[in-house]
Amino acid sequence: MLPCPYAKKCGGCSLQNLPYEEQLHLKQAKLIKLLGRFGRVEEIIGMEDSTHYRNKIQAAFRSKSGKVVSGVYQSTSRRIVEVESCMLEDECAAPILATVRKLCASMKIRPYDLESGQGFLRHVLIRKGFVSGQIMVVLVTTKGKFRSERSFVNELLRRHPEITTLVRNINPTDTALFLGNESHILHGEGYITDRLCGLEFRISPRSFYQVNPIQTEILYGKAKEFAGLTGSEVVIDAYCGIGTIGITAAAKAGEVIGVELNNDAVRDAIRNAKANDIKNIRFYNNDAGEFMRGMAEQREKADVIFMDPPRTGSTEAFMSAAVSMSPGRIIYISCEPETLARDLKWLTSHGYKAREAVAYDMFPFTENVETIVLMTKQS
């Protein structure tokens, strides 16, 4: 029997039919098949408790027979599968979402319909600080007046005083589970803070932050180990997000440069460096590939490059610029083994060797896996 009653309809947890140890074996075999030709692949690091690990929850809303329901998009379509509680999500989410559903029904706030383009509430994003316990709730809506806004906010906070901040985000497009550029703070500061690797990080609604904090802390420890910093190195943290990797590495580096395209994340990164009294780090709001190419054209050098690209992987422009800067070490963090293998093939054909790869099961019950690879420059 599958552990989740929504498994067959949802499709998100494609490995639910396997015991957890078998899930790990399957992922390990896949990694060896894809990455083994480049270097040693260590045994995958699993979780002691493989449920309720996600600190970021997104629930889509719709009307069903006159009733307001919420859930997840089916993995193979835009159809919303009604889900009352998810075994992967932090347990704070389900009761908050239940209240939002009730308030929408009682205050006649219509969920948005992708087909007709009618309605108001598109989806709800919830984030929870693993250490701080702070909770952010983001109501993603269409444009227009928020009907009964103050009553909605007051009642939601009355029933859930644990909510630290409440934000309305406006998404005017026809894309699902997407945050727009316009936000309005309804309660609190508009962000939460959390602690990772002993440091404090500010997290805004649109900023990237790893969804599995337990595994992230272990992963970043390995990243610092791979970097082998002695205190004098020039380090680049590419695709840096809110600066987590660069800031955790800064204490043992000479200089750290972070680059990130998301301007909200860069603002968070700058504040995070100040909050942790990190003075040897600078952040730039730019495309990582373009920024690196500019540095390469100026004949600037780097000793270590951390790269943590999106699921689609890096670009040849970025990797070409990185190689021309001649770093002794490149630490590649990836959430997609297929694009990682593609990029390793390019890097190994341009003077670098993969020394070691370690995988972390950041996403139990799914086929996704996070991998970190140490690459060194060949003489």
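Me: I'm new to this one. What share of the contacts with a separation of 6 or more comes from residues 24 or more positions apart?
Reply: In this predicted model, residues 24 or more positions apart make up 68% of the contacts in the protein with a separation of 6 or more.

Me: Okay, and how many helices and strands are there?
Reply: The protein has 10 helices and 17 strands.

Me: What does the C-alpha trace span along its principal axes?
Reply: About 70 × 45 × 35 Å.

Me: And what share of the residues count as buried?
Reply: 54% of the 379 residues do.

Me: Let's pick a helix. Which residues are buried in helix 4?
Reply: Helix 4 runs over residues 149-159, and its buried residues are Phe152, Val153, Glu155, Leu156 and Leu157.

Me: What covers them?
Reply: The cover over the buried residues of helix 4 includes helix 3 (93-106) along with strand 6 (135-141), strand 7 (163-170) and strand 8 (182-187).

Me: Switching to helix 9 and helix 10. Where do their axes come to, and at what angle do they cross?
Reply: The axes of helix 9 (residues 316-324) and helix 10 (residues 337-348) come within 11 Å, crossing at roughly 35°.

Me: Left-handed or right-handed?
Reply: Helix 9 passes helix 10 in a right-handed crossing.

Me: Which residues meet there?
Reply: From helix 9 you've got Glu316, Met319, Ser320 and Val323, and they meet Asp343, Trp346 and Leu347 of helix 10. The residues of that contact split into four nonpolar, one polar and two charged.

Me: New topic, cysteines. How many disulfides?
Reply: The count is zero. Take Cys13: the nearest cysteine sulfur belongs to Cys86 and is 5.7 Å away, and Cys13 is in no disulfide. A disulfide would need the two sulfur atoms within 2.5 Å.

Me: Is Cys13 buried or exposed?
Reply: Cys13 counts as buried, because its relative accessibility is 14% and the cut-off for buried is under 20%.

Me: What about Cys104?
Reply: Cys104 is in no disulfide either, and its nearest cysteine sulfur, on Cys92, is 18 Å away. Cys104 is at 1% relative accessibility, so it counts as buried.

Me: Now the loops. Where is His52?
Reply: His52 is in the loop between strand 1 (40-41) and strand 2 (56-64). His52 isn't a glycine, yet it has a positive phi of about 50°.

Me: Which loop holds Asp277?
Reply: That's the loop between helix 7 (263-275) and strand 13 (281-285). Asp277 has a positive phi too, of about 55°, and is not a glycine.

Me: Last one: where does Ser77 sit?
Reply: Ser77 is in the loop between strand 3 (67-73) and strand 4 (80-82), and it counts as partly exposed at 32% relative accessibility. Its C-alpha atom is separated by 9.9 Å from that of Cys10, a residue 67 residues apart from it along the chain.

Key:
Residues are numbered from 1 along each chain as its sequence is written. This is a predicted model: local features need pLDDT of at least 70, side-chain atom pairs count only at pLDDT 80 or more; totals for chains, interfaces and linings use all residues. Side-chain values use heavy atoms; hydrogens and water are left out. Axes are lines fitted to C-alpha atoms, for helices over the stretch in contact, and angles run from 0 to 180 degrees between N-to-C directions. Helices (H or I, at least four residues) and strands (E, at least two) are DSSP runs, numbered from the N terminus. A crossing is left-handed if the near helix is turned anticlockwise from the far one by less than a right angle, and right-handed if clockwise. Contact means heavy atoms within 4.5 Å. Ala, Val, Leu, Ile, Met, Phe, Trp, Tyr, Cys and Pro count as nonpolar, Asp, Glu, Lys and Arg as charged, and the others, Gly among them, as polar. Buried means under 20% relative accessible area, exposed over 50%, partly exposed in between (1.4 Å probe, protein chains only).
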